Amino acid sequence: MSDLLAVPAVRREAITRLAAELHPGMTVALSTHINADGDGCGSQTALARLLGQMGVRAFIVNPTPWPELFRWLLADDVEDRSPEGAKALKGVDRLIVLDISDLGRLGGLAAAVREMPQDALVIDHHLPGDEPPGKTMLSDTAACATAELVFDFARERGLTITTPIAKSLYTALVTDTGGFRFGNTSPRCLAVAAELLTAGVDPEQMYARIYGSVPLGRLHLLRDALDTLEVDMAHGIAWVRIGAGALEKHGVASEDLDGVSEYPRSIAGVRLAILFRDLGHGRVKVSFRSLAGVNVNTLARRFGGGGHARASGALIAGGPSEVEVQVLGEARHLLETGALAD
Ligand SMILES: [Mn+2]
């Protein structure tokens, strides 16, 4: 177990470079991608508290509102200044970007971040994007979640994993691994999770908060999505649609889409699942999920997106049926030619 927790050398060097940019008395902003997920929120709230131990004041500025499902992670000691938008970034000494490999994922904050005088610091586990958010990076695709790297930062800097920090990191690990089921559930991931339980995390309480506290509308949304299910068995593709205004109709937020693509992916013979979400105004958010052997990062990159080998996404311009035809055509073609094999 102790071997598994040792911080790999390449991460240690990156942590030293990152820490050299952070000094007591500084004020830093922490940002993550649009529609923050459990890893983004957990990594941010853990890092904000760890930076506090270093005498660095940290607050959160995200491009989209803090998810209600993860409101409890903020407690009363982490400030979320996302409602102020880019204005909140004015005057900070540094920005730390988490769980992003492409600046475009900062959405409405991207332009302001490009204009910041100081280069952003990055902690991330995605495959490289087209526009890295900053040069000083603690980035490793072998990390099961960005939170694993935040854990390593704490360990390397001799910081204390308090119970609230452990809960934040555990939330990130459990959500990014689909409840410790996906391919990124490495031995080290589970060793870190074990360490977090030792630091005071109650897994049953975490289950109740993350998976046992969803709004009823989430199930209604899932029911509507499953009603649109289509399958191409010849190619092993299954897909579902979320219509424009569906989230508003059911009174839910984008975090409530988490896990929807698990259902099409769970069908025997399916290796590629796609979720088409019509954002209206001629834009469709497409999420790809796959099983071993199908690299959806390659597919997402064809449409200007990216992410991980088994979970990726892209924002595509066009009407819903037009985008569907394009994406399914490309997916079938790439599967036939073996271009998605890994
Ligand atoms: Mn992540």
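Strand β11 (residues 311-317) is mostly covered, with 5 of its 7 residues buried. A residue is called buried if 20 or more other C-beta atoms lie within 10 Å of its own, exposed if 12 or fewer, and partly exposed in between, with C-beta atoms placed from the backbone. Strands here are DSSP runs of E with at least two residues, helices are runs of H or I with at least four residues, and both are numbered from the N terminus. This is a predicted model, in which local features need pLDDT of at least 70, side-chain atom pairs count only at pLDDT 80 or more, and totals for chains, interfaces and linings use all residues. Residues are numbered from 1 along each chain as its sequence is written.

**The open sheet**

β11 belongs to an open sheet of 6 strands, in the order β6-β7-β8-β9-β11-β10, with mixed pairing. The edge strands, β6 (230-232) and β10 (306-307), each pair on one side only. Two strands are taken to pair if DSSP finds at least two bridges between them. Strands of a sheet pair through backbone hydrogen bonds, either parallel or antiparallel.

| Strand pair | Sense | Bridges |
|---|---|---|
| β8 (272-280) and β9 (283-290) | antiparallel | 8 bridges |
| β9 and β11 | antiparallel | 7 bridges |
| β10 and β11 | antiparallel | 2 bridges |
| β1 (27-32) and β2 | parallel | 4 bridges |

Asp278 stands opposite Val284 in β9, and Lys285 has Leu315 of β11 as its bridge partner. On the β10 side, Gly307 stands opposite Ser312 in β11, and a hairpin joins β10 to β11 through 3 residues.

Ala314 lies in β11 and counts as buried because 21 C-beta neighbours are found inside 10 Å. Leaving aside residues up to four places away in sequence, Ala314 touches Val286, Ala300, Phe303, Gly304 and Gly305; contact requires C-beta atoms, placed from the backbone, to lie within 7 Å. The C-alpha atoms of Ala314 and Gly236 are separated by 20 Å, and these residues are 78 apart along the chain.

The loop between β8 and β9 contains His281. This residue is not a glycine, yet His281 has a positive phi of about 50 degrees. His281 is exposed, because 7 other C-beta atoms lie within 10 Å.

**Domains**

The protein is divided into domain 1 (2-210) and domain 2 (216-337), with bounds that come from an automatic or database domain assignment. The C-alpha centres of domain 1 and domain 2 lie 26 Å apart. Contacts between them involve 11 residues of domain 1 and 10 residues of domain 2. On the side of domain 1 that touches domain 2, the residues divide into 4 nonpolar, 4 polar and 3 charged. Here Ala, Val, Leu, Ile, Met, Phe, Trp, Tyr, Cys and Pro count as nonpolar, Asp, Glu, Lys and Arg as charged, and the others, Gly among them, as polar.

Strand β2 (residues 57-60) has a covered face, made of Ala58 and Ile60, and an uncovered one, made of Arg57 and Phe59. Phe59 is the bridge partner of Ala29. From β1 the chain crosses through helix α3 (residues 38-53) to β2, a right-handed β-α-β crossover. Right-handed denotes a clockwise path from the first strand over the helix to the second, with the strands pointing away from the viewer.

The loop between α2 (9-19) and β1 holds Ala20, which is exposed because 9 other C-beta atoms lie within 10 Å.

Helix α7 (residues 163-176) has 14 residues and reaches 20 Å from its first C-alpha to its last, close to the 20 Å expected at 1.5 Å a residue; the expected span is 1.5 Å times one less than the number of residues. Of the 14 residues of α7, 12 are buried, among them Ile165, Leu169, Tyr170 and Leu173. The buried residues of α7 pack against α3, α4 (71-74), α6 (146-156), α8 (187-198) and α9 (203-210). Gly178, which follows α7, has a positive phi near 60 degrees.

Asp99 lies in the loop between β3 (94-98) and α5 (110-114). Although Asp99 is not a glycine, its phi is positive, about 65 degrees. Asp99 is buried, because 29 other C-beta atoms lie within 10 Å.

Technical notes: Contact = placed C-beta atoms within 7 Å.
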